[in-house]
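Thanks for taking a look at this one with me. Here are a few numbered notes to read alongside the sequence and the 3D view.

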Amino acid sequence: MIDVLLVARFELHRAVRTWRALALLVLYAVASAGVAWIFVQMVGVMENNLATQLGVAQTETPGAMLAELQSSSMWRDVLGVMTGSPHLVDALVDVPPLALMNLWFGFLVVPFFAASASTESIAIDVQTRAIRFEAQRTGRVELVVGRFLGQLVLTAVAALVSVAVVFVVGATQMVVPDRLALLGWLLWFVPRTLAFGVPFVGLGLAASQVTSSPAWARVLAVGAVAGSWTAFGLARYGEQRRGFALLSDVALQVLPQGWLHGLWEPGVGWLLPAIVCCALGLAAVAAGYLRFQARDL
Amino acid sequence: MDAALRFVDVVKRYGRRGTLALDGLTFEVPANGITGFVGHNGAGKTTAFSLVSGFLHADAGTIDILGEGPFEPHRLKGRLGVLPQDAELPDRHTPRELLRHLARLQGLDRATAASETDRVLDVVQLGPRRDARIATLSHGMRRRVAVASALVGRPALVLLDEPMSGLDPVQAHGLREALAALRGEQTLVVSSHDLSELERLSDHVVMLKDGRCVRQGPVAEVTGQGAEVRWALGPGEVPLEALAAQLPEHRFHLEGDVLVQHAPDGALDTSSVAVMGALAAAGVPVRGVRRGRGLEQRFIDDVLGR
């Protein structure tokens with residue numbers, strides 16, 4: 001276990017010092033800020049529409065009519081689209097919209113971030129043979145699990161950076177009646193974002209274990225992420241088609257996206273989907289390890 | 001002889017139908033000495049090192065490391081140090097960070113890892129650059145960091161694949177002295193194409209050709225230092241008959257300008273005065289004297305079959 005933690009720490013250290021990981025972090029932060037800003041403008045437009053409907057004066061700063069907006073049917077429609085499930089709307093309608101937006105954006109972006117960041121982890125070290133310095137001192141399973149853990153921490157850091165950026169955008173660009181509550185909700189959603197990222201870190205690391213070419217590993221990982229979204233779309237489509245229901249049901253059980261709906265659940269209802277997502281991530285890592293443990297380094 | 005490392009009939013092939021890198025390799029490395037590992041390019045030196053370190057998997061045969069069987073990282077933790085030949089160092093870190101990490105992975109506690117790191121960086125004369133990013137170091141300096149990684153924690157068995165490669169003469173001399181100082185404390189296996197360097201450094205030698213061991217033993221025995229003297233001569237009639245008469249138990253023959261003297265064990269030192277006297281009497285100048293063939297000559301004889 002100590003070796004796993006040592007490898008994880010070293011991996012994180014390296015990732016932070018690698019321009020690529022830093023660039024991905026910055027890109028994620030900038031994208032979060034941009035999406036948050038667009039969302040704030042969208043809230044402003046919705047509030048102005050609402051003000052027109054109610055026959056009251058339009059607001060200058062988005063968020064001034066947040067309470068009215070959250071109880072409007074317009075916002076309920078938006079929530080329904082974001083969560084993909086109308087029955088979650090009642091449970092989430094009182095949650096700060098910016099926190100919900102950040103969770104939605106995290107679910108959309110974290111898979112690509114997680115897979116891209118982790119895909120070079122092992123492949124590049126096998127290619128340069130740098131892995132030999134560690135491989136003579138610890139087991140291959142510790143190497144893989146440690147790097148997996150390091151990449152998870154990196155994903156968590158990215159999610160926290162996103163929280164910080166979105167909070168700043170919210171605090172400066174819109175009226176936030178209770179900033180502490182906004183920050184609390186943003187942080188409360190981080191574990192869900194991270195849980196959804198686990199299978200994709202696993203996919204990235206699996207790709208990194210099966211080839212010593214970082215470029216191929218990246219193609220495999222990003223292809224797998226894109227493929228999983230495509231498969232998810234097909235499975236959702238197949239659910240309503242005769243003869244495909246069983247296949248679709250199975251696909252939705254093994255695809256992380258199939259558990260996405262559960263990750264929106266309020267209370268502790270999101271924990272089971274989160275655990276399943278973690279198990280899917282570990283399964284992906286284990287599948288890659290079958291190849292890695294037998295290969296020459 | 002206690003063997004620190006033993007290969008028995010080890011076979012390694014790259015790819016399903018690929019090159020046969022090791023073809024029943026069998027040899028032993030005695031404990032607590034310095035063994036030179038010699039072979040032409042592709043002879044299997046790096047493959048053998050990689051098998052010991054667990055980087056590669058053998059197709060057949062047995063490898064015994066420090067009496068513990070084949071490579072198993074947890075069983076050998078901290079007891080095996082390897083300098084891989086062409087592995088790039090993780091260059092985002094400083095030498096100190098990297099070596100501390102590797103020392104911790106070897107099972108050293110934080111304080112010991114820190115002191116060991118400082119020690120080995122001093123051994124390879126990199127103390128002043130210990131906090132520079134590895135990416136900013138020269139090739140020779142990186143090589144020395146890699147050598148330091150193999151020495152950290154004083155492992156019982158150290159494999160160094162081309163440790164002097166890329167070092168300038170002063171650095172190479174310093175490293176050779178540092179390695180020689182470890183004699184008797186650790187078992188070192190050093191591969192190099194610089195055979196004169198290996199001859200100076202090693203007690204024992206293992207010669208490889210096409211994935212097989214063609215000769216192994218103490219350097220003095222392999223090079224014939226105890227049984228052969230080579231006299232480099234100037235112009236003149238070499239008195240072979242006189243020498244044979246004076247030293248009947250010795251055999252003499254000429255290889256060009258070199259008079260080769262073969263002697264029974266222990267008789268070389270006492271015979272040199274007689275040989276010098278006979279040559280002087282015949283007016284043949286002596287330009288140089290060397291005991292044995294030299295590792296390089298022996299290697300060429302064995303490998304090229306001359």
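1. Let's begin with a pair of helices in chain A. The axes of helix α9 (residues 140-173) of chain A and helix α10 (residues 179-210) of chain A come within 8 Å and cross at roughly 145 degrees. The crossing of α9(A) past α10(A) is right-handed. In that contact you will find 19 nonpolar, six polar and two charged residues. Please keep in mind that this is a predicted model.

2. Helix α9 of chain A has another partner to look at. α2(A) packs with α9(A) at an angle of about 30 degrees, and their axes are 9 Å apart. This crossing, of α2(A) and α9(A), is right-handed. On the α2(A) side the residues that meet α9(A) include A21(A), L25(A), Y28(A) and W37(A), and on the α9(A) side they include L154(A), V161(A), V165(A) and Q173(A). By class, the contact of α2(A) with α9(A) has 14 nonpolar residues, four polar and no charged.

3. Helix α1 (residues 2-17) of chain A has 16 residues. From first C-alpha to last, α1(A) reaches 23 Å, close to the 22 Å expected at 1.5 Å a residue. Which residues of α1(A) are buried? They are D3(A), V4(A), L6(A), V7(A), A8(A), F10(A), E11(A), L12(A), R14(A) and A15(A). These buried residues pack against α2 (19-54), α6 (97-118), α8 (131-135) and α9 of chain A, together with α2 of chain B.

4. That brings us to where the chains meet. The contact takes 23 residues from chain B and 19 residues from chain A. On the side of chain B that touches chain A, β5 (80-83) and α2 (95-105) of chain B each supply at least two residues. The most comes from α2(B), with four residues. Sorted by class, this side of chain B has eleven nonpolar, seven polar and five charged residues.

5. Now for chain B as a whole. Its secondary structure comes to ten helices and 13 strands. The C-alpha atoms of chain B fill a box of roughly 70 × 45 × 30 Å along the principal axes. Of the 306 residues in chain B, 42% count as buried. Taking contacts in chain B between residues at least 6 apart in sequence, 70% join residues at least 24 apart.

6. The nonpolar cores are worth a look too. In soluble globular proteins, nonpolar side chains tend to be buried together. Here the largest nonpolar core has 158 residues. Those with the most contacts inside it are L203(A), V38(B), V147(B), A148(B), L159(B), L160(B) and V190(B). Leaving out residues up to four places away in sequence, A148(B) touches L99(B), V120(B), L121(B), V123(B), V124(B) and L126(B). Another core, of ten residues, lies apart from the largest one, and V229(B), L268(B), V275(B) and L279(B) are among its members.

7. Is E68(B) buried or exposed? E68(B) counts as exposed because it has 12 C-beta neighbours inside 10 Å. Not counting residues up to four places away in sequence, E68(B) touches R75(B) and L76(B). K45(B) is 23 residues from E68(B) in sequence, and the two are 21 Å apart in space, C-alpha to C-alpha.

Key: Residues numbered from 1 in each chain as written. Chains lettered and ligands numbered in written order. Predicted model: local features only at pLDDT ≥ 70, side-chain atom pairs only at ≥ 80, totals over all residues. Axes fitted to C-alpha atoms, helices over the stretch in contact; angles between N-to-C directions. Left-handed = near helix turned anticlockwise from the far one by under 90°. Nonpolar A, V, L, I, M, F, W, Y, C, P; charged D, E, K, R; others polar. Contact = placed C-beta atoms within 7 Å. Core = buried A, V, L, I, M, F, W, Y, C linked by C-beta atoms within 7 Å. Buried ≥ 20, exposed ≤ 12 C-beta atoms within 10 Å, placed from the backbone. Expected span 1.5 Å × (residues − 1).
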